[in-house]
Amino acid sequence: MTYQFILSEKIKRVGLLRINRPKVLNALNGELLAELAQALEEYDKAPEIGAMVITGDDRAFAAGADIKEMAEMSSVDMLLRDRISSSWDRLRAIKKPLIAAVSGWCLGGGNELAIACDMIVASQSAVFGQPELNLGIFPGGGATQRLPRTVGKAISMEMVLNNRTLDAEEALHYGLVNYVYPLDEYLEKALTMANEIAARAPIAIQLAKQAVNRAFETHLAEGVNDERQAFYLLFSTVDQKEGMQAFIEKRTAEWKGR
């Protein structure tokens with residue numbers, strides 16, 4: 001399918017999605033987010049795809065939301081359009097692993113998109129921030145909830161309240177990103193990581209992602225119980241039998257995704 005604001009391609013078992021509004025540093029508008037959600041949902045249903053990578057370009061992953069689109073809106077306009085629920089909740093529902101490959105500016109809604117992914121691979125030029133208070137608003141795409149769970153309360157407060165930005169090495173130090181690579185390597189490294197994940201048992205991958213995310217959404221006892229039930233469920237899959245038999249026979253498993 002052809003999109004207006006994103007580019008989509010398959011690389012081995014990975015779906016690569018590039019945000020493509022370079023003239024405005026990949027600012028996120030409603031149409032772009034809807035296209036991104038649709039493309040991710042299509043890859044989520046495709047059996048040949050095991051993971052997805054979202055990226056921008058070398059200058060910017062996404063420098064924020066499209067301010068021109070929102071500047072004259074009223075509270076009622078925002079409520080009726082409900083862009084956050086209609087697109088961001090769709091992203092949250094994606095079952096397969098998502099990796100953000102981030103270079104350059106990753107601000108506001110761009111940072112919220114990156115931290116909504118499961119992992120982040122950054123280039124050395126990446127800069128992360130939440131500058132919304134400069135516009136008389138504050139983050140509305142999940143940053144006030146996801147940042148404290150990632151970098152802690154103190155750094156989150158400084159990023160949200162005082163426009164503190166984190167460069168790539170700081171983001172690595174505080175646990176916001178998984179890896180930092182040179183500019184000419186970060187995307188290839190993200191794709192390699194995604195293909196490594198995609199080579200593993202598909203059902204187990206999806207249930208494992210779900211179990212880890214539950215740790216941020218519930219208390220310990222409930223999360224451990226959910227983990228245990230999902231673990232038991234995997235013993236009804238063809239892949240569990242194949243994986244254990246392959247281990248015993250000292251060969252590479254051939255996953256069936258069922």
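I began with the second largest cavity, which Leu-207, Gln-210, Ala-211, Arg-214, Asp-226, Glu-227 and Ala-230 line. The model I am reading is a predicted one.

**Entry 1: the second largest cavity**

I looked up its volume and found about 30 Å³. Next I asked which elements supply at least two residues each to this lining. They are α10 (202-214) and α11 (220-233). I noted that α10 holds the largest share, with 4 residues. I then sorted the lining of the second largest cavity by residue type. I got 3 nonpolar, 1 polar and 3 charged residues.

**Entry 2: the largest cavity**

How many cavities of 30 Å³ or more are there? The count is 2. I turned to the largest cavity and read a volume of about 40 Å³. Its lining is made up of Ile-54, Trp-88, Leu-91, Arg-92, Leu-98, Leu-113, Ala-116, Cys-117 and Arg-146. I checked where these residues sit. The most come from α4, which gives 3 residues. By type, this lining has 7 nonpolar residues, 2 charged ones and no polar ones.

**Entry 3: the largest pocket**

I moved on to the pockets. The largest pocket has a volume of about 1,200 Å³. I found 44 residues in its lining. Which of them lie nearest the centre of the pocket? They are Ala-116, Cys-117, Asp-118, Lys-209 and Asn-213. I then listed the elements that give two or more residues to this lining: α4, α5, β7 (119-123), α6 (143-151), α9 (186-198) and α10. Here α10 gives the most, with 10 residues.

I went back over the names. Ala-116 and Cys-117 line the largest cavity, and both are also among the residues nearest the centre of the largest pocket. I marked α10 too, as it gives the most to the pocket lining and has the largest share in the lining of the second largest cavity.

**Entry 4: the sheet**

I traced an open sheet of 6 strands. Its order is β1-β2-β3-β5-β7-β10, and the pairing is mixed. On average it is 20°, direction ignored.

Strands β2 (residues 14-19) and β3 (residues 51-55) run parallel and are joined by 5 bridges. I followed Leu-16 across and found its bridge partner in β3, Val-53.

**Entry 5: Leu-25**

I finished with a single residue. Leu-25 sits in the loop between β2 and α1 (30-45). Is Leu-25 buried, partly exposed or exposed? Its relative accessible area is 25%. Buried would need a value under 20% and exposed one over 50%, so Leu-25 counts as partly exposed.

I then looked for contacts of Leu-25, leaving out residues up to four places away in sequence. Leu-25 touches Arg-59, Ala-60, Ala-62, Ala-63 and Trp-105. Leu-25 and Arg-59 are 34 residues apart along the chain, and their C-alpha atoms are separated by 7.2 Å.

Notes. Residues numbered from 1 in each chain as written. Predicted model: local features only at pLDDT ≥ 70, side-chain atom pairs only at ≥ 80, totals over all residues. Heavy atoms only, no water. 1 Å grid on protein atoms, 1.4 Å probe; cavity = no way out; pocket = protein on both sides within 12 Å on 5 of 7 lines; lining within 4 Å. Points joined across faces, edges and corners; volume = space filled by probe spheres on them. Nonpolar A, V, L, I, M, F, W, Y, C, P; charged D, E, K, R; others polar. Pairing = 2+ DSSP bridges. Axes fitted to C-alpha atoms, helices over the stretch in contact; angles between N-to-C directions. Buried < 20%, exposed > 50% of the residue type's maximum accessible area, 1.4 Å probe, protein only. Contact = heavy atoms within 4.5 Å.
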